[in-house]
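Hi,

Here is the structure I promised to pass on. Have a look at it first, and then read my notes below.

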Amino acid sequence: NLVRWCDSSPCKNGGKCWQTSNHYRCECPSGWTGLYCDVPNVSCEVAARRQGLDVARLCRNSGLCVDRGNTHFCHCQPGYTGSYCEEQVDECSPNPCQNGATCTDYLGGYSCECVAGYHGRNCSEEIKECLSHPCQNGGTCIDLLNTYKCSCPRGTQ
């Protein structure tokens, strides 16, 4: 199911929203920039003064404001995004965990709680129960999800 990002009108100040597959971008009118066209084309100092802030506090969550030409942008700390680093990144969206695993988001990363039978960072690898050679007396191991079965040679159990 494709999320229609532009339906929520994320672009401010007359910006036009363009969606490509599962992502969108804002095309900003003259005088505006930023992820959502919410950053005026002025220096860090002028933008901070307009908002009644010290320059060091213009970018939220310890982000660093950088002047670029006649505009500015915020260099965000890991785990934060947005024009002013005001949003926490949700690493669980879209869900990187596979095979029914549960994703837990934390600042700067995520973890997957795998269902039985799977392992790996994203729970993408099936556990190979036959690697330990559990079958005896010449039996052949058949790997199943979260278990195994031994096929015994004729005359043994």
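E129 is buried but has no salt bridge, and the nearest side chain of opposite charge, K128, is 7.6 Å away. "Buried" here means under 20% relative accessible area, with exposed over 50% and partly exposed in between (1.4 Å probe, protein chains only). A salt bridge is a side-chain nitrogen of Lys or Arg within 4 Å of a carboxyl oxygen of Asp or Glu; for charge, Lys and Arg count as positive and Asp and Glu as negative, while His and the chain ends are not counted.

Before you go on: this is a predicted model, where local features need pLDDT of at least 70, side-chain atom pairs count only at pLDDT 80 or more, and totals for chains, interfaces and linings use all residues. Residues are numbered from 1 along each chain as its sequence is written, and side-chain values use heavy atoms, with hydrogens and water left out.

Back to E129, then. It lies in the loop between strand 12 (125-126) and strand 13 (140-144); helices (H or I, at least four residues) and strands (E, at least two) are DSSP runs, numbered from the N terminus. What does its side chain have close by? A polar atom of the E129 side chain lies 3.5 Å from the backbone nitrogen of T147. If you leave aside neighbours within four places in sequence, E129 is in contact (heavy atoms within 4.5 Å) with P134, D143, L144, N146, T147 and Y148.

As for salt bridges, the count comes to two. One joins the side chains of R4 and D7 (2.8 Å, N to O). R4 is exposed at 58% relative accessibility, and D7 is exposed too, at 53%. The other has E45 meeting R49 (3.3 Å, N to O). Both of these residues lie in helix 1 (residues 44-50), four residues apart, about one turn of the helix. R49 is exposed, with a relative accessible area of 56%.

On to the rings. The structure holds one aromatic pair. The ring centres of W5 and Y24 are 6.1 Å apart and the planes are at 35°, so the pair is tilted. The rule takes rings of Phe, Tyr and Trp (its six-membered ring) with centres within 6.5 Å; planes under 30 degrees apart count as stacked, over 60 as edge-to-face and the rest as tilted. The pair links distant parts of the chain, with W5 in the segment before strand 1 (16-20) and Y24 in strand 2 (residues 23-27), 19 residues apart. W5 is partly exposed at 33%, and Y24 is partly exposed at 26%.

C6 is also in the segment before strand 1, and is partly exposed at 23% relative accessibility. Leaving aside neighbours within four places in sequence, C6 touches C17, W18, Q19 and Y24.

Elsewhere, the charged end of R121 sits over the ring of Y110, 4.1 Å from its centre. That needs NZ of Lys or CZ of Arg within 6 Å of the ring centre and within 35 degrees of the ring normal.

Last, some backbone points. Most residues other than glycine have a negative phi, and most peptide bonds are trans. The bond from S93 to P94 is cis, with omega near -5°. C37 has a positive phi, near 60°, and is buried at 0%. N137 has a positive phi of about 55°, but is exposed at 60%.

Cheers

Note on methods: Polar contact = N/O pair within 3.5 Å; in protein donor to acceptor, adjacent residues only side chain to side chain.
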